[in-house]
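The model is shown below.

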Amino acid sequence: MTPLGLQFKLDDVPEDPRAFQGEIAADALDEVITGLLGDLGYTARGPVQVTGSVYRSKRDLFVEAEVQVQVGYGCVRCLDPLSLTLKRRVRHLLVPGARDDGKSAIELAEDEVTGDDDLDHYDGERIDLVPLLREDILLELPMNPTCEEATAGRCARFEAVFESPAPEEDAAPVDPRWAPLLELKKKLN
Ligand SMILES: [Zn+2]
């Protein structure tokens with residue numbers, strides 16, 4: 001069976017899992033992530049790649065998706081322009097109707113299991129995964145991203161300016177891990 005797109009009709013979804021795939025345009029992601037960090041911003045560096053599968057039980061839809069996108073941002077410590085790749089697997093249970101409607105049996109069961117109300121809703125026969133997956137990405141982006149999110153390393157420039165050890169008299173810079181030993185040596189002298 002050919003994969004579905006990110007928008008489909010209830011009738012397109014079988015009871016056995018059916019694949020879907022697609023892209024969320026960079027512009028469409030920017031609509032929700034721009035402004036998250038003020039001027040430092042988050043901006044999509046390309047479309048969000050989405051693959052996943054969906055199956056149906058009566059009118060409840062079980063969605064599992066993997067989203068991947070590269071976003072640019074400015075380090076909140078040193079302002080360096082950076083980018084990070086976000087890759088996440090997400091799950092959603094979609095039930096028909098508006099959020100404030102009475103709960104279906106499966107909703108009540110889900111509430112009992114998870115103790116929360118973490119369900120999504122769709123209106124009518126047409127399902128659009130884009131707003132849902134966009135929200136997932138928004139929630140997964142770090143709120144105070146630094147160099148570490150981009151490189152898995154330290155924030156080099158920040159440390160150079162604020163955290164460099166005081167220079168020893170006439171000595172080359174010393175690895176800060178040796179500082180306690182140097183102190184001891186001074187005392188013994
Ligand atoms: Zn930095």
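The chain has six helices and eight strands, in a model that is predicted. From the N terminus on, the elements run β-β-α-β-β-β-β-α-β-β-α-α-α-α.

**Burial and contacts**
- The chain has 189 residues, of which 14% count as buried.
- Among contacts between residues at least 6 apart in sequence, 62% join residues at least 24 apart.

- In soluble globular proteins, nonpolar side chains tend to be buried together.
- Here the largest nonpolar core holds 22 residues, and Val-48, Val-67, Val-69 and Leu-133 have the most contacts inside it.
- Two or more residues of this core come from each of β2 (18-24), β3 (42-44), β4 (48-57), β5 (60-74) and α3 (130-140).
- The most is given by β5, with seven residues.
- Leaving aside residues up to four places away in sequence, Val-48 touches Glu-23, Ile-24, Leu-29, Val-67, Val-69, Leu-133 and Ile-137.

- Most residues other than glycine have a negative phi.
- Lys-58, in the loop between β4 and β5, has a positive phi near 55°.
- With 11 other C-beta atoms within 10 Å, Lys-58 is exposed, because a residue counts as exposed at 12 or fewer.
- Leu-79, in the loop between β5 and β6 (81-96), also has a positive phi, near 70°.
- Leu-79 has 12 other C-beta atoms within 10 Å and therefore is exposed.

Technical notes:
Residues are numbered from 1 along each chain as its sequence is written. This is a predicted model: local features need pLDDT of at least 70, side-chain atom pairs count only at pLDDT 80 or more; totals for chains, interfaces and linings use all residues. A nonpolar core is a set of buried Ala, Val, Leu, Ile, Met, Phe, Trp, Tyr and Cys residues joined through C-beta atoms within 7 Å. A residue is buried if 20 or more other C-beta atoms lie within 10 Å of its own, exposed if 12 or fewer, and partly exposed in between; C-beta atoms are placed from the backbone. Helices (H or I, at least four residues) and strands (E, at least two) are DSSP runs, numbered from the N terminus. Two residues are in contact if their C-beta atoms, placed from the backbone, lie within 7 Å.
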